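Subject: Structure for you to look at, with notes

Dear colleague,

Here is the structure I promised to pass on to you. Please open it first and keep it beside you while you read the notes below.

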Amino acid sequence: IDAEHASIARATTQAVSASNLLENLYGVLEFNSKGELEIIDEAMLRSEGIDYLAREAALNTDKDVKESAQYIIREAGLLLGITPASNHDFYMAKKEGKWPKTTAGTFNLRAGVYQEARLLMRVVKENDIGAFGFELARSETRYTGQRPGEYVAMGIAAAIREGYEGSLFFIGDHYQVNKDKYFA
């Protein structure tokens, strides 16, 4: 597949396998001989490529394709300086008085998460907003059908698309460990 035809494939074709997903990203991303992701065309990744990956990560019905797209998004994000993070250290520092008069807004995005997260990334960049997070409540996974891996991938994909760099807080709300299941 040449780069021109790969562009058409990304725009119109849903992947039928994980290898097909990579074929559709020809000239944009590839795995090297060590199994590490490499970005070949960053501009194409930040436009058509990430739109395609986000669509596959959220909507593809094949579990392997969906999870592969989510993995590629996370790895590409790391290569582009986007780090998924916990807000634990932020709140511990706040507790010690290191961040007085500071708050970190969290956003529960439920539908059209990729598009909503893109808008949020633009606002964050335009207004030089500091700490913020994406929050997914356990109950939301049931009625939205969205798993944490997909939610994180959508946040990172939006950051890639909008040129955001830095830490992204991802918060799970109302998740508890079932003691009996844990010990079993």
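A salt bridge is counted here when a side-chain nitrogen of Lys or Arg lies within 4 Å of a carboxyl oxygen of Asp or Glu. Please keep in mind throughout that this is a predicted model.

Let me begin with Glu162, which forms a salt bridge with Arg122, the closest N and O atoms being 3.1 Å apart. This pair links distant parts of the chain, since Glu162 is in helix α8 and Arg122 is in helix α6, 40 residues apart. Glu162 is buried, with a relative accessible area of 14%, whereas Arg122, at 31% relative accessibility, counts as partly exposed. Salt bridges that share partners also bring in Arg118, and they join Arg118, Arg122 and Glu162 into one network.

Which residue meets Asp51 in a salt bridge? It is Arg161, and the two side chains come to 3.0 Å, N to O. Arg161 lies in helix α8 and Asp51 in helix α3, so this pair ties together parts that are 110 residues apart in sequence. Arg161 is partly exposed, with a relative accessible area of 25%.

Another salt bridge joins Lys66 and Glu150, whose closest N and O atoms are 3.3 Å apart. Here too distant parts of the chain are linked, with Lys66 in helix α4 and Glu150 in helix α8, 84 residues apart. Is Glu150 buried or exposed? With a relative accessible area of 9%, Glu150 is buried, because buried means under 20% relative accessible area.

Helix α8 deserves a paragraph of its own. It has 15 residues and reaches 21 Å from its first C-alpha to its last, which is close to the 21 Å expected at 1.5 Å a residue. This helix is mostly covered, as twelve of its 15 residues are buried, and among them are Tyr151, Val152, Met154, Ile156 and Ile160. After α8 comes Gly163, whose phi is positive, near 75 degrees.

When you follow α3 along its length, look for a bend of about 45 degrees at Gly49. Gly49 is also one of the buried residues of this helix, which include Leu45, Ile50 and Leu53 as well.

Now to the inside of the model. In soluble globular proteins, nonpolar side chains tend to be buried together. The largest nonpolar core here has 40 residues, of which Leu53, Phe134 and Leu168 touch the most other members. At least two residues of this core are supplied by each of α3, α4, α6, β5, α8 and β6, and the largest share, nine residues, comes from α8.

Val123 has its place in helix α6 and is partly exposed, with a relative accessible area of 32%.

With best wishes

Terms used: Residues numbered from 1 in each chain as written. Predicted model: local features only at pLDDT ≥ 70, side-chain atom pairs only at ≥ 80, totals over all residues. Heavy atoms only, no water. Core = buried A, V, L, I, M, F, W, Y, C linked by side-chain atoms within 4.5 Å. Buried < 20%, exposed > 50% of the residue type's maximum accessible area, 1.4 Å probe, protein only. Helix = DSSP H or I, 4+ residues; strand = E, 2+ residues; numbered from the N terminus. Expected span 1.5 Å × (residues − 1). Bend = angle between axes of the 7 residues up to and from the residue.
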